[in-house]
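Let's take a friendly walk through this protein, with an eye on its aromatic rings and its fold. Have a look at the sequence and the model first.

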Amino acid sequence: MNRTMKLVLGGAVIALLAVAAYLSNQQGSTGEESKETENKAGDVAEMPVVGYRAPAFELQTFDGQTVKLSDLKGKPVVLNFWASWCGPCRDEMPDLETVHKQYGDRVQFYGINLTSQDNLDKAKAFMKEMGVSFPSLMDADEKTAKAYRTFSIPMTYGIDQNGIVSEIHKGQINKVVMDGMLQRLVANSGQ
């Protein structure tokens, strides 16, 4: 293939990519996303994204009590997805407990154990060993983890008093980051 032919072919490929990029931007994305955008302005859509309503859930505590996210409105909520075999979960749990003790009267804390990937007895022993006083919920069928797009743990969500996701932290976070998140949650709640 001579040089001229290579240049023409290369130019055609670049032009084709440019047209594809232009068309994808012109058409936007799926109608589903445009519905979500419409909902964001009025009724806030439910999805695990900052600025959207946190996905609803109903889970059992290790003690068998039922907790529904809808029942927690009025106070900010911190959700922390974890498992007993997760090293970073183990490392951040003492800091979570510390900020829970500091903000527990103004913010509701819940651990969500990925029970389908964990051993319940080990999970209970983990919480006892770590000295965790906030309740942990069992996500036995992974529906809540999937609804929150929790593909890795630990993962922590800050949810405001109206049920809107205000912060998402993927991976292990330290006390300074947690404290900042909680200060913002409390300040925005007017407490």
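How many aromatic pairs does the structure hold? The structure has 6 aromatic pairs, where rings of Phe, Tyr and Trp (its six-membered ring) pair if their centres lie within 6.5 Å. In one of them, the rings of W82 and F126 have centres 4.9 Å apart and planes at 20 degrees, so this pair is stacked; stacked stands for planes under 30 degrees apart, edge-to-face for over 60 and tilted for the rest. W82 sits in strand β3 (residues 77-82) and F126 in helix α4 (residues 120-130), so the pair links parts of the chain that are 44 residues apart. Helices (H or I, at least four residues) and strands (E, at least two) are DSSP runs, numbered from the N terminus.

Elsewhere, ring pairs join F57, F81, Y148 and Y157 into a cluster.

Now for the whole fold. The protein has 6 helices and 7 strands, and along the sequence they follow the pattern α-α-β-β-β-α-β-α-β-α-β-β-α. Of its 191 residues, 41% are buried. Among contacts (heavy atoms within 4.5 Å) with a separation of 6 or more, 70% involve residues 24 or more positions apart.

A note on the source: this is a predicted model, in which local features need pLDDT of at least 70 and side-chain atom pairs pLDDT 80 or more, while totals for chains, interfaces and linings use all residues. Residues are numbered from 1 along each chain as its sequence is written, and side-chain values use heavy atoms, leaving out hydrogens and water.

Note on methods
Buried < 20%, exposed > 50% of the residue type's maximum accessible area, 1.4 Å probe, protein only.
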